[in-house]
Amino acid sequence: MPPKRKPVNLSGDGTAPPIDTWWWLTHKGTTTSFLCISLFALLIRSAVSMFPYSGAGTPPKFGDFEAQRHWMEITTNLPPIDWYRNGTHNDLAYWGLDYPPLTAYQSYIHGILLRTFDPDSVSLLTSRGHESYHGLKLLCRKLLMRWTVFSSDALIFFPAALFFVLVYHRNRAKSEVAWHIAMILLNPCLILIDHGHFQYNCISLGLTVGAIAAVLCGSEVLTCVFFTLALSHKQMSAYFAPAFFSHLLGKCLRRKNPVLSVLKLGIAVIVTFVVVWWPYLHSVDDLLMVLSRLAPFERGIYEDYVANFWCTTSILIKWKKLFTTPSLKSMSLAATVLASLPSMVQQILSPSNEGFLYGLLNSSMAFYLFSFQVHEKSILMPFLAATLLALKIPDHFNHLTYYALFSMFPLLCRDKLLLPYLTLHFLFTLIYHSPGTHITLPKTKTSSFSFTSFPGYVFLLRTHFFISVLLHVVYLTIQPPSKYPFLFEALIMILCFSYFVMFAIYTNYTQWNFSSHFRSADKEKKQI
C-alpha cells in the first residue's frame with residue numbers, strides 16, 4: 001500500500017499550507033522521479049517528431065534533415081580523410097560537412113544503422129533527394145532518421161542530466177528537485193530544434209552538462225574530457241569555453257602547485273583532442289582543411305534575422321557594406337571577449353560552483369549577442385545554462401523561456417511547427433506554475449539588485465509581452481508590405497534582443513555580487 005499522506009495542519013493564521021502536487025512523484029526519491037519525468041519527456045519528443053522538419057518538401061537541398069542524412073551517406077561510403085575534402089564523390093556545395101570530427105563519427109554510426117535497415121537511404125550519390133521516394137519507403141526512412149535523434153537524446157543528454165541533478169541537488173526539497181528535472185528534460189527549445197527542426201544538439205549539450213556536473217563534484221580531469229568532447233562535436237560549444245577556462249584556472253591558482261594543476265588539465269584536453277582528431281593530425285594541411293570547414297566566414301557576420309547585436313543594429317548600421325569581412329571578424333571577436341571578460345575575471349578571482357553556473361550563462365549569452373555568424377538555434381546555449389539555474393532565477397528563467405522561444409518563432413513557422421510550438425509553450429507554463437514548487441518555497445537572495453525594483457520595469461515587461469502577443473497574431477494573419485518583406489521578423493528580433501540585453505546585464509551583475517558575498521562571508525569566519 002502506498003504511504004498515507006500526513007493530515008493537513010493549519011498554520012497559525014488558520015490557513016492550510018499550499019498543496020504539493022509533486023508529492024506523488026517525489027516520495028520515492030530523486031532517481032524514481034527522474035525516471036518518471038524521463039518517460040513523459042520521451043513521449044513528448046515522440047509526439048513532436050511526427051510533425052514536419054527543416055526543408056520538408058523544399059527541393060533541391062531539403063534543409064537540415066537532408067544535411068544530416070547526407071553526412072551519413074558520406075561517412076559510410078568514404079574514408080575519414082575525404083569527409084571534409086571536396087571531390088567527385090563529396091561535393092561540398094551540397095551540404096558539405098561543417099562540424100568537428102565527433103559529429104562525423106556520430107553520422108557514421110547512425111549511417112550504419114540506416115544502412116542495416118534501408119541500404120538505399122545512404123547509398124553514395126543516388127540517395128540524395130530522399131523525398132523522391134513515396135509511401136512506406138519514405139515513411140521508414142523518416143522514422144529511422146527520427147530514431148537516431150531520439151536515441152541520442154536518451155543515451156547522452158538524459159544520463160548527463162541525471163548526473164547533474166544528483167550532484168547539484170544534494171540537500172534540497174524533493175518537490176524543487178522534481179520541478180527542476182522537468183525544466184531540464186522538457187526544455188521546449190531543445191525539443192523543437194532537435195525533434196522538430198531536426199538536429200543533434202542533445203549530444204553536444206549532453207556532454208556539456210556532463211562536464212558541468214563533473215565540475216560540481218570536483219572531478220576536473222573528467223570535466224576537461226567531457227568538454228573537449230563537446231567542442232569536438234559542435235564548435236558552438238565554445239560559447240561555454242570562457243566559463244570553464246576561468247573557473248578551472250581560478251581553482252588551479254589557489255593550489256599549492258598551480259603549474260602542475262594546470263599541466264594535468266592541459267594533458268587531459270590534449271589527449272582527448274588527439275584521440276578524436278587523430279585521422280586529421282597526420283599533416284598540417286589536413287588539419288587546416290577541417291578547421292576551415294568549421295568557420296564559415298564567407299557567409300558574413302549574420303544571415304537570418306537572429307536577435308543578436310549585429311543583426312539588430314544592422315537596421316541602422318549596414319555592417320556588411322561599411323566593413324570588410326576581416327574587419328568584422330576582428331570587431332566581433334573584440335566585442336565577444338569584452339562581453340565575456342567580466343564573468344571570466346570574477347571566476348578567476350573568486351571561483352565558486354554557483355558563480356561558475358552564472359559564468360556559463362554570461363559567457364554563452366555574450367557569444368550569442370556578439371559573435372560571428374550566430375543562428376536562431378544558438379539561443380540553446382544560454383538557455384541551457386539558464387535552465388540549470390532555474391531555481392535561482394525562477395522569474396527571469398520564465399521570461400527568458402518565453403523570449404527564447406519567440407526568437408525562434410519565424411524559423412519554426414517555416415518548418416510548419418506552429419502546433420508543437422504552442423503546445424510546448426503551454427506545457428512549460430503549466431509545469432512552471434504547478435503548486436508545491438519554487439513559487440511556494442523560500443528563495444535565497446544573493447543580490448539586493450533586481451530589475452523588478454525599478455518602477456518602470458514591470459510596465460516595460462508587460463508592454464513587451466503585449467507587443468509579442470500582437471506580433472504572433474500579425475505574423476500569422478497579415479502579409480508584410482512588399483517593400484519590407486521581413487518587417488515582422490525584424491520587429492520580433494528587436495523585441496527579443498532588447499530583453500536579452502537586460503537579462504545579460506542582470507546576470508552579470510548577479511555573478512559579480514558573489515565576489516562581495518564570499519568576501520563578507522570570509523570576514524565573518526575570521527571574526528568568529
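Reply: Buried here means under 20% relative accessible area, exposed means over 50%, and partly exposed lies in between. The model is predicted. It holds 11 salt bridges.

Start with Arg 69 and Glu 73. Their side chains meet in a salt bridge, at 2.9 Å from N to O. Both residues belong to helix α3, which spans residues 63–77. They sit four residues apart, so about one helical turn separates them. Both Arg 69 and Glu 73 are buried.

Next, Arg 85 and Asp 82. This pair also forms a salt bridge, with the closest N and O atoms 3.3 Å apart. Arg 85 has 32% relative accessibility, so it counts as partly exposed. Asp 82 counts as partly exposed because its relative accessibility is 24%.

Now Arg 414 and Glu 376. The closest N and O atoms of this salt bridge are 3.4 Å apart. The pair links distant parts of the chain, 38 residues apart. Arg 414 lies in helix α19 (residues 409–414). Glu 376 lies in the loop between α16 (353–370) and α17 (380–388).

Finally, the network. Salt bridges with shared partners join Glu 66, Arg 69, Glu 73 and Arg 128 into one network.

Note on methods: Residues numbered from 1 in each chain as written. Predicted model: local features only at pLDDT ≥ 70, side-chain atom pairs only at ≥ 80, totals over all residues. Heavy atoms only, no water. Salt bridge = Lys/Arg side-chain N within 4 Å of Asp/Glu carboxyl O. Helix = DSSP H or I, 4+ residues; strand = E, 2+ residues; numbered from the N terminus. Buried < 20%, exposed > 50% of the residue type's maximum accessible area, 1.4 Å probe, protein only.
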